[in-house]
Amino acid sequence: MAEVDLLRALPKSRRNVTQRGEAKTPEIIALSREYGELYFDGPREYGYGGYRYDGRWRPVAKDIIAHFGLAAGARILDVGCAKGFLVKDLMLAEPGLEAFGLDISRYALMHCEPEVVGRLHLGSADALPFPDKSFDCVVSINTIHNFDRAGALRALREIERVSRQSSFVQVDSYRTPEQKSLFESWVLTAKFHDYPQGWIEVFAEAGYTGDYYWTIVE
């Protein structure tokens, strides 16, 4: 396992943490966790506030391909792919790369990019519908923390199971008590989160051997 920031080239979003914190209610959290239209394309207090393709994942796709040495013919799976933006950009960055995605949101898959139709699967990260060692590389960005701790362990074990050689996960975390407090005022969907060392212990318990990094609200 190695800590590596594969999202370093992703443009930083400006987040109004105060507004989100003031608007949060149990009802909003419950609706956000349905991962439907409100979460992706509804008002900002429910989630993304409009999740549209703008090419921002292109440099991330290039960094993933370079880091893992992926080439045409290699198979990569994005677990928690949403509308398939990264899947699309992986294929654009390396023609011939066999990129696929999986997400729990039927809404997201029904509103995917045209280029990835037929490449995205409906399913849950903790029960991947693929045989062992199906993919050369598996990535999961900001998804595993949406399970409780037991579910996160199952999802990490599934990623390990279907990956032939390489994997990467990025999860919600924080390095200081102040960052933890800020995160908790912002978060809608994460059910399990911890400091990096806590996550590393979860990785070890799951038998996860891939790379990892953290999403930290600042």
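This is a short tour of a predicted model, stop by stop.

Residues are numbered from 1 along each chain as its sequence is written. Local features need pLDDT of at least 70, and side-chain atom pairs count only at pLDDT 80 or more, while totals for chains, interfaces and linings use all residues; side-chain values use heavy atoms, with hydrogens and water left out.

**Stop one: Ser140.** Select Ser140, which lies in strand β4 (residues 135–141); strands are DSSP runs of E with at least two residues, and helices are runs of H or I with at least four, numbered from the N terminus. Ser140 counts as buried because its relative accessibility is 0% (buried means under 20% relative accessible area, exposed over 50%, partly exposed in between, with a 1.4 Å probe and protein chains only). Its side chain reaches the backbone oxygen of Val79 at 3.0 Å.

**Stop two: Lys83 and Asp41.** Select Lys83, which forms a salt bridge with Asp41, the closest N and O atoms being 2.9 Å apart (a salt bridge is a side-chain nitrogen of Lys or Arg within 4 Å of a carboxyl oxygen of Asp or Glu). Lys83 is in the loop between β1 (75–79) and α5, and Asp41 is in helix α3 (residues 37–41), 42 residues apart. Lys83 counts as buried at 5% relative accessibility, whereas Asp41 counts as partly exposed at 25%.

**Stop three: Glu184 and Lys180.** Next, go to helix α8 (residues 177–186), where Glu184 and Lys180 lie four residues apart, about one turn of the helix. Their side chains meet in a salt bridge (2.7 Å, N to O). Glu184 is partly exposed at 36% relative accessibility, and Lys180 is partly exposed at 25%.

Conventions: Polar contact = N/O pair within 3.5 Å; in protein donor to acceptor, adjacent residues only side chain to side chain.
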